[in-house]
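We'll walk through it piece by piece, beginning with a helix and what surrounds it.

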Amino acid sequence: MTKPLISVEALAKRYPKRGGGETTVFEDIWLPIHPGEFVCLIGHSGCGKTTILNVLAGLDRPTDGAVIVDGREISGPSLDRAVIFQGHSLLPWMTALENVAFAVSSRHPEWSREKVREHCRFYLNLVHLSGAEDKKPSELSGGMKQRVGIARALAIEPKMLLMDEPFSALDALTRGSLQDEVRRICTETRQTVFMITHDIDEAMLLADRIVLMTNGPQAKIAEVVENTLPPDRRPATMHKHPNYYPLRNHLLDFLVTRSKTFAQDIAGKPYDPRKVPVVRPVPAEALAAV
Ligand SMILES: Nc1ncnc2c1ncn2[C@@H]1O[C@H](COP(=O)(O)OP(=O)(O)OP(=O)(O)O)[C@@H](O)[C@H]1O
Ligand SMILES: [Mg+2]
C-alpha cells in the first residue's frame with residue numbers, strides 16, 4: 001500500500017456544555033487517505049462530518065488528535081487542499097472566468113494574465129461551461145454555479161479535493177450529470193478526494209471506499225466499505241450489476257439501524273478505532289462460490 005497522502009489521527013471534537021461539562025461530538029477518528037483515492041464519508045446529520053472536513057481543510061481545529069500531511073500536522077488552510085462547499089460560494093461581482101482566475105492567480109502569482117485566463121478556460125471547458133465564461137453568478141443556474149465552484153477547485157490543481165455535499169442543492173437531473181462529470185474528471189486526473197454525502201447512490205457511483213460514521217454524540221467510524229461495483233460504473237446502468245443491491249442494502253442497513261445501535265453492538269467486544277472492519281459487499285451466491 002502506498003504512503004497516505006493525508007492521515008487523520010485520533011481526531012476528536014468536544015464542546016463545552018451549557019451548565020458545565022462537555023459534549024464529545026466525535027472521538028478517536030483514524031483515517032488514512034491514499035493518493036488517487038476517492039473516499040466518501042456517510043453518517044447522519046450532526047455526527048460531525050462537516051467538522052472533520054473543516055479540520056482537513058485547516059478551517060477548524062480539533063480538540064484532540066491531528067491531521068498529518070507529509071509528516072507534518074496541518075495548521076491552517078492551504079491551496080493544496082481545495083474545498084467545494086454545499087453552496088457555490090462564488091464572488092457575485094465577478095464573472096465565472098474571473099471567479100476561477102482569482103483562485104488561479106493566488107496559486108500562481110507569477111503567471112501572466114493571458115496564461116491564467118487560458119488555464120481557467122481549460123477547466124471551465126472541462127465542466128462544460130465554455131459559453132458561460134463571461135456571465136456573473138446571478139446569470140447562472142444553480143447547477144452552473146456549482147460547476148464554476150468545481151472548476152475553481154480543480155483549476156488550482158490541489159493535492160486533495162474536499163467536498164461537503166456538493167450536489168445536494170441541485171435537482172436530480174443536474175445532479176446526475178454533474179456526478180458523472182466529477183467522476184470522469186477525478187478518475188482521469190487521479191485526483192484524491194474526500195467527500196461528504198447523505199446520498200447512498202452518489203457514494204456508490206463516486207467512491208472507492210465509503211466510510212461509515214455512527215450517530216453522535218461520541219460518533220465513531222464503524223467500518224469502511226469497499227466499493228464492489230466495477231470502475232466503469234455509470235449512473236444509468238450501475239443498478240444492473242449483481243453487486244449493486246448487496247452494496248446498497250449494506251449501506252442502507254447501516255444508516256437505518258446500525259449507525260444508532262453501534263455503541264451497544266460493540267459493548268464488550270474488541271473495537272480498535274485504528275483498524276475498523278473493512279467490508280466488501282457481494283451477493284450471497286458469490287460468497288458461497290468462494
Ligand atoms: N459551537 C458549537 N457548540 C456546540 N456544538 C456545536 C458547535 N458547533 C457545532 N456543534 C455540534 O457539532 C456537531 C457536528 O456538526 P457538523 O456540522 O460537523 O455535523 P454534520 O455531520 O456535518 O451534520 P449535517 O449532516 O447536518 O451537515 C453538531 O451536533 C453540532 O450541534
Ligand atoms: Mg455537514
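In helix H1, the buried residues are Lys49, Thr51, Ile52, Leu53, Val55, Leu56 and Ala57. Buried here means that 20 or more other C-beta atoms lie within 10 Å of the residue's own; 12 or fewer makes it exposed, anything in between partly exposed, and C-beta atoms are placed from the backbone. H1 covers residues 49–57, and with seven of its nine residues buried it is largely enclosed by the rest of the structure, which is why so much of it is on that list. Helices (H or I, at least four residues) and strands (E, at least two) are DSSP runs, numbered from the N terminus. Just past H1, Gly58 has a positive phi of about 85°.

A word on the ground rules: this is a predicted model, where local features need pLDDT of at least 70, side-chain atom pairs count only at pLDDT 80 or more, and totals for chains, interfaces and linings use all residues. Residues are numbered from 1 along each chain as its sequence is written, while chains are lettered from A and ligands numbered from 1 in the order in which they are written.

H1 also matters for ligand 1: with three residues, it gives the most to the shell. The shell includes Tyr15, Val25, Lys49, Thr50, Thr51 and Gly216, where a residue counts as near if its C-beta atom, placed from the backbone, lies within 6 Å.

Now over to strand E8, residues 192–197. All six of its six residues are buried, so E8 is largely enclosed by the rest of the structure. Side chains in a regular strand alternate between the two faces of the sheet. In E8 both faces are covered, with Thr192, Phe194 and Ile196 on one side and Val193, Met195 and Thr197 on the other.

What does E8 pair with? Strand E3 (residues 38–42) runs parallel to E8, joined by five bridges; two strands pair if DSSP finds at least two bridges between them. Val39 has Phe194 as its bridge partner in E8. Strand E7 (residues 160–164) also pairs with E8 in the parallel sense, over five bridges, and Met163 stands opposite Met195. From E7 the chain passes through helix H5 (residues 172–189) to E8, a right-handed β-α-β crossover: with the strands pointing away from the viewer, the path from the first strand over the helix to the second runs clockwise.

Last stop, helix H4 (residues 142–155). Twelve of its 14 residues are buried, among them Met144, Arg147 and Leu154.

Terms used. The expected span of a helix is 1.5 Å times one less than its number of residues.
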